[in-house]
Amino acid sequence: GAALAAGGVGSLVLPKALGAEAFSYWQLFLFHASYLPCLALGLNDGVYLRYGGCDRARLDLAALKSQLAAGLLAQGCAAAAAGGCALALLRDPWRKGMAAAALVYYLLYTCHNFLGYLFQACGEAEVWAKSLLLDRGLCLAALGALLALGRAGLWQLLGCYLAAQGCAALYLIGRMGPAFARAKCSLAVGRAEWRRSVRAGWSLMLANLCSMLVLGAGRQVADLRWGVQAFGQLSFALSLVNAGLAFLAQVGLVLFPMLRRMEAEGCAAAFRRMQKRLFLLLPAVYILYFPCAFFLKRWLPDYAASLACLPALMPICYFDCQMHLVGATFLKVLGRQDQLLRINLTAVGVCILCSLAAAWGLDSVYGVACGMSLASACRCLLAQRALRKTLGGPARGLWDAGLAAVFVALADRAPWQLTAPVLAACLAARWVWAVEKAPPKWYTGKKEADG
């Protein structure tokens, strides 16, 4: 809920409060902040994988504290080196400021993320969720106060954002208990544990980095081709699409330890059930586009260029939701991080090629947006195909790709009187196919099929 609220405020209130230029630089800060965790070299991902399904009461707190201290020391050095390079290479003082703020945020975030992944891996996701609630709640409260005082500027917002992340990290440190605070740090132990976690999480970190690059590459191309304004335009449209995906990504993290405790057959049955229900329910995002677009065009008239890209990006909402909840989650449960990395690398390649062709060949931001959606679809469909070979279930990729193509072709170029009945016919055909392929209980009077 907090993630959804923060996403909604970031997409609806901040653009109006900051203005187009300042909001573009805010998006640039978020862009830098999302990629800097790769400086951890997979430490936090390794903690998540190593301790998944463990009981926190049995953990070696001294080793964990030493590992956290060694990781923060290494990442502080990496952040200092990255900051020096940014100050030397960047000419725009605003870009320098965003890079510096992102580095400070990174050090706070990595501490919070280390402990948050540990709580999730040990099945205590509610502790991590409360830290997120604290983080987002403080941000929303501070933004409300700034708006009420008429002081909602970019730098004030950055200060509140950093302070909220620091408070969330302190909360998790406190929840580790007095024993964690009293535990002795050993640099030698910390270095050894750090190496083990980095070895375990390296491939997953690369897979997650490539997962972000699937959409980030297109935005970077827009920045290189047209500048920060086009970058902000595309980023704003993407933030509208991704407003609810942050919540769904966290759901996938919570599912991981639960699924890891299941037997192989139970895991396969869970996969088939989730696939079927998402197939039936997720197309609602395409229907929701029309009332949302009607509202946004009146609420944010200055962002008409961004909203024009929205139809091309809507398939990302569909395919990334499936990827977060099913694709990435089940590949990690099966220990196939290397395959997840290969799938993400393929999608990044598709995004880069399409974005470069659209930017320099067609001179079209809309074309870049279409390339990003195509890359997202490729990643999701490749993951589904890989998982079906192990876990079973019918192939649904052509239905998903066809519906996305119909929506993008019609949504912003045809009157709704034509688009609505065509989409309704496509959705009805999907439901009929799904019922015939795997009849539910109410249809047959028997137990519902998993497929």
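Start by selecting Y289, which is buried at a relative accessible area of 4%; buried means under 20%, exposed over 50% and partly exposed in between, with a 1.4 Å probe and protein chains only. The model is predicted, so local features need pLDDT of at least 70 and side-chain atom pairs count only at pLDDT 80 or more, while totals for chains, interfaces and linings use all residues. Residues are numbered from 1 along each chain as its sequence is written, and side-chain values use heavy atoms, without hydrogens and water.

Now show the aromatic pairs, of which the structure holds 22. Rings of Phe, Tyr and Trp (its six-membered ring) pair if their centres lie within 6.5 Å; planes under 30 degrees apart count as stacked, over 60 as edge-to-face and the rest as tilted.

Select F271 and F330: this pair is edge-to-face, 5.4 Å centre to centre with 75 degrees between the planes. F271 lies in helix α13 (residues 264–281) and F330 in helix α16 (residues 310–333), 59 residues apart. Helices (H or I, at least four residues) are DSSP runs numbered from the N terminus. Both F271 and F330 are buried.

Return to Y289 and F407, an edge-to-face pair because the ring centres are 5.4 Å apart and the planes stand at 90 degrees. Y289 belongs to helix α14 (residues 284–299) and F407 to helix α19 (residues 397–410), 118 residues apart.

Technical notes:
Helices (H or I, at least four residues) and strands (E, at least two) are DSSP runs, numbered from the N terminus.
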